[in-house]
Amino acid sequence: MSGKIISICNRKGGVGKTTTTIALAQAFQTQDGYKTVVIDTDPQGTASHALLGDELLFSKEIESKFLHRTLESSTLDKKSPDLTLVLRRMARAPSDRPDVPLSIVPISPDFWEYERRLRRKYGPIRLGNTKPVHRFRKLLRLLRAEYDVILIDTPPGMFELFETVIRNSDAIIVPCVPDPLSAWGMQVFKDALDATPIRESNYIRTLWTQFDPASNWMDNVDHLLAKNFPITPFGIKDSNTVGEQRQHVGIGQYVKVPIGIQAIEPVSWNQMYPSSVKTDILKVCELIKADIFGVTP
Ligand SMILES: Nc1ncnc2c1ncn2[C@@H]1O[C@H](COP(=O)(O)OP(=O)(O)OP(=O)(O)O)[C@@H](O)[C@H]1O
Ligand SMILES: [Mg+2]
């Protein structure tokens, strides 16, 4: 099977992109036994930090694997490059499946300076036919051959690899808080997607996040959908139809920060999240598996 690329994107910051990326990675790896790799394309490096921890993130071993180093060097130009040079094979993962890799292509804040250099060299956002883009595409191809699922965590705002990520994704997940201000940001982001020809797939879904499951958040969602919300949410076939008894799907409020992200000793997936959050994550995974992997429950 060729691995599927799932990108988690939204230009709006703080909507839950990284949290969603990590939650899905952990779920696919532990619950489905999928070989999973996360590519961190956000120079803030939150996903790298969560999946490697302080000590490894600042070690010599990781320094040589940072995304800008990979795209700068000729490592990927070889016929069959050694992938261990560009990623960390075993990232911090739940304790359930030590036999299944959860890997990470890490990033560091130096990527911002690297992007500035690219802009100086190639002009703004014109990376269509350049070495860094060829190398990034090659990386995606190689990862597809080795992994079942490739999750790409992306930064807020603009970034130079945006077009390449969007064009090569089998699925684009757009986390969004169900409130009017986030909904406004979704229109802006949809306009950016529409301006980017999407080659691999047209599968784009809103994922509701950061709501209180005990609140009337589903009413808020109905209200947003009634106003022609621009990106179809998970669990809905037709975003223009508002149902009376709709059961919306999303990843609701974490009662506590997933302790697995901070734990020194790895804990099992079951210990990481409260059960309502686990149910939410599994429901989203089920929909992705049905739509993208063709796996039905
Ligand atoms: N489903 C959720 N429910 C409640 N809080 C959440 C949820 N998802 C994320 N958060 C919290 O919201 C904050 C922002 O989350 P996160 O860092 O994942 O967002 P982001 O979109 O990746 O941010 P950035 O745009 O800076 O990369 C964090 O404090 C996180 O713990
Ligand atoms: Mg983030």
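Begin by selecting ligand 1: 17 residues surround it, the closest being Gly13, Gly16, Lys17, Thr18 and Thr19 (a residue is near if its C-beta atom, placed from the backbone, lies within 6 Å). This is a predicted model, in which local features need pLDDT of at least 70 and side-chain atom pairs count only at pLDDT 80 or more, while totals for chains, interfaces and linings use all residues. Residues are numbered from 1 along each chain as its sequence is written, and chains are lettered from A and ligands numbered from 1 in the order in which they are written.

Next, select helix H1 (residues 17-31), which gives the most to the shell around ligand 1, with three residues (helices are DSSP runs of H or I with at least four residues, strands runs of E with at least two, numbered from the N terminus).

Thr18, Thr21 and Ile22 in H1 meet Thr46, Ala47, Ala50 and Leu51 in H2 (contact requires C-beta atoms, placed from the backbone, within 7 Å).

Now display the open sheet of seven strands, ordered S3-S2-S4-S1-S5-S6-S7 with parallel pairing (strands pair if DSSP finds at least two bridges between them). Its edge strands are S3 (102-105) and S7 (250-251). Four bridges join S2 (residues 36-40) to S3, and Val37 stands opposite Ser103 in S3. H2 packs on the sheet here, touching S2, S3 and strand S4 (149-153).

Finally, select helix H8 (residues 180-194), which lies across strands S5 (171-176) and S6 (204-209).

Note on methods. Two residues are in contact if their C-beta atoms, placed from the backbone, lie within 7 Å. Axes are lines fitted to C-alpha atoms, for helices over the stretch in contact, and angles run from 0 to 180 degrees between N-to-C directions.
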